[in-house]
Amino acid sequence: MKLIKKLEMKKITIYRFMAFLFVASIIVASCTKEVSEVRLEPTLSTSKTYNVTSDSATVVGFVVAQGEGFDDKGICYSTATVPTIDGDKVAFAGKNQTATFHVTLAGLDYATKYYARAYATGEMGTVYGEEVTFTTLPVVAILTTTAITDITGNSALGGGNVTVTGGAEVTVRGIVFGLNNNPTISDSKTTNEEGAGEFESTLSELAGNTKYYVRAYATNSAGIGYGPEVSFTTLVDLPAVTTAEVSDVTKISAVSGGDVTYDGGGNITARGLVWSMNSEPTIDDNKIDGGTGLGAFVSNLE
């Protein structure tokens with residue numbers, strides 16, 4: 001009798017244990033299901049900007065948590081704060097599963113401050129990352145070149161007009177000129193005051209009867225901008241000549257001469273000595289023919 005009673009008690013214990021295991025398995029399965037269904041709220045971060053130029057910049061976004069997933073992500077931007085996808089935006093063209101994404105914004109205005117945010121759109125709508133700012137770089141100045149006037153054998157008057165400063169202060173402006181097309185500041189140049197607007201420059205120490213090419217220039221932090229090229233030809237200039245020391249002086253004669261060092265861009269058709277008993281003699285006084293052309297010559301005063 002006692003043995004039967006012990007067996008029955010053992011069965012009851014086994015049944016109770018099995019029931020406990022069944023209830024425990026249901027509880028564990030329920031908790032596992034609840035945990036697997038937990039999703040973090042979709043969250044983005046706008047990490048940084050780099051490779052900023054005068055018309056482009058690259059902005060980095062990062063998916064902190066994607067929630068139910070995104071169909072589209074990228075960068076939205078504006079010159080006003082808090083940009084949205086209703087304005088300018090560039091979608092990320094890579095794999096949508098990547099957490100970090102790089103987007104290049106192109107066609108931007110130079111020397112302009114922009115605001116940008118990462119965005120991602122899914123079934124729950126659009127979420128945005130924090131806002132970052134960047135300023136595009138300036139460009140070289142834009143200017144015109146004035147037509148050349150007041151042309152002589154060794155000078156002329158030019159100028160220009162800085163119509164666009166390029167988003168930075170113009171520190172130097174003027175005229176560059178030379179004997180070849182597209183002169184630069186490595187050639188001859190003038191220097192004018194800083195700033196935008198019109199200016200004039202005098203070109204001096206020019207060679208006679210010579211064609212020159214001219215451009216206006218302006219310098220800012222982005223570099224040197226040049227205006228369109230114009231050209232002009234100087235007039236024939238006065239020649240340059242030196243007078244030799246007088247030697248072999250007698251009661252009725254002496255020897256002198258000269259050296260024609262510059263023809264002024266024309267042909268030397270006559271050269272020689274002029275002399276008088278008054279200072280600064282001219283060809284209206286006594287004169288001695290010394291031939292033609294460049295170079296040295298000797299004349300005898302008799």
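**Pocket, sheet and salt bridge in a predicted model**

Colleague: How do the residues lining the largest pocket divide into nonpolar, polar and charged?
Modeller: The lining has 15 nonpolar, 10 polar and five charged residues. Nonpolar is Ala, Val, Leu, Ile, Met, Phe, Trp, Tyr, Cys and Pro; charged is Asp, Glu, Lys and Arg; the others, Gly among them, are polar. The model is predicted, with local features needing pLDDT of at least 70 and side-chain atom pairs 80 or more, while totals for chains, interfaces and linings use all residues. Numbering starts from 1 along each chain as its sequence is written, and side-chain values use heavy atoms, without hydrogens or water.

Colleague: Which residues lie nearest the centre of that pocket?
Modeller: R271, G272, L273, V274 and F297 do, out of 30 lining residues. A pocket is an open set of points on a 1 Å grid over the protein atoms alone, where a 1.4 Å probe fits, with protein on both sides within 12 Å along at least five of seven lines; lining residues have an atom within 4 Å of a point.

Colleague: Which strands supply at least two lining residues each?
Modeller: β16 (240–243), β17 (254–262), β18, β19 and β20 (295–301). Strands are DSSP runs of E, at least two residues, numbered from the N terminus.

Colleague: Switching topic. In what order do the strands of the open sheet run?
Modeller: The order is β1-β2-β5, three strands with antiparallel pairing. β1 (43–50) and β5 (100–106) are the edge strands, each pairing on one side only. Pairing takes at least two DSSP bridges.

Colleague: And how many bridges between β1 and β2?
Modeller: Seven, with β2 covering residues 56–65. T43 stands opposite A65 of β2.

Colleague: How many salt bridges?
Modeller: One. E193 pairs with R173, and the closest N and O atoms are 2.7 Å apart. The two are 20 residues apart: E193 is in the loop between β11 (188–189) and β12, R173 in strand β10 (residues 172–178). The criterion is a side-chain nitrogen of Lys or Arg within 4 Å of a carboxyl oxygen of Asp or Glu.

Colleague: Is R173 buried or exposed?
Modeller: R173 is buried, at 3% relative accessibility, whereas E193 is partly exposed at 44%. Buried is under 20% relative accessible area, exposed over 50%, partly exposed in between, with a 1.4 Å probe and protein chains only.

Colleague: What is phi of E205?
Modeller: Near 55 degrees, a positive value in a residue other than glycine. Most residues other than glycine have a negative phi. E205 lies in the loop between β12 (197–203) and β13 (211–220), and is exposed at 78%.

Colleague: Where does E280 lie?
Modeller: E280 is in the loop between β18 (272–275) and β19 (286–289). Its phi is near 55 degrees, and E280 is exposed at 68%.

Definitions and conventions: Helix = DSSP H or I, 4+ residues; strand = E, 2+ residues; numbered from the N terminus.
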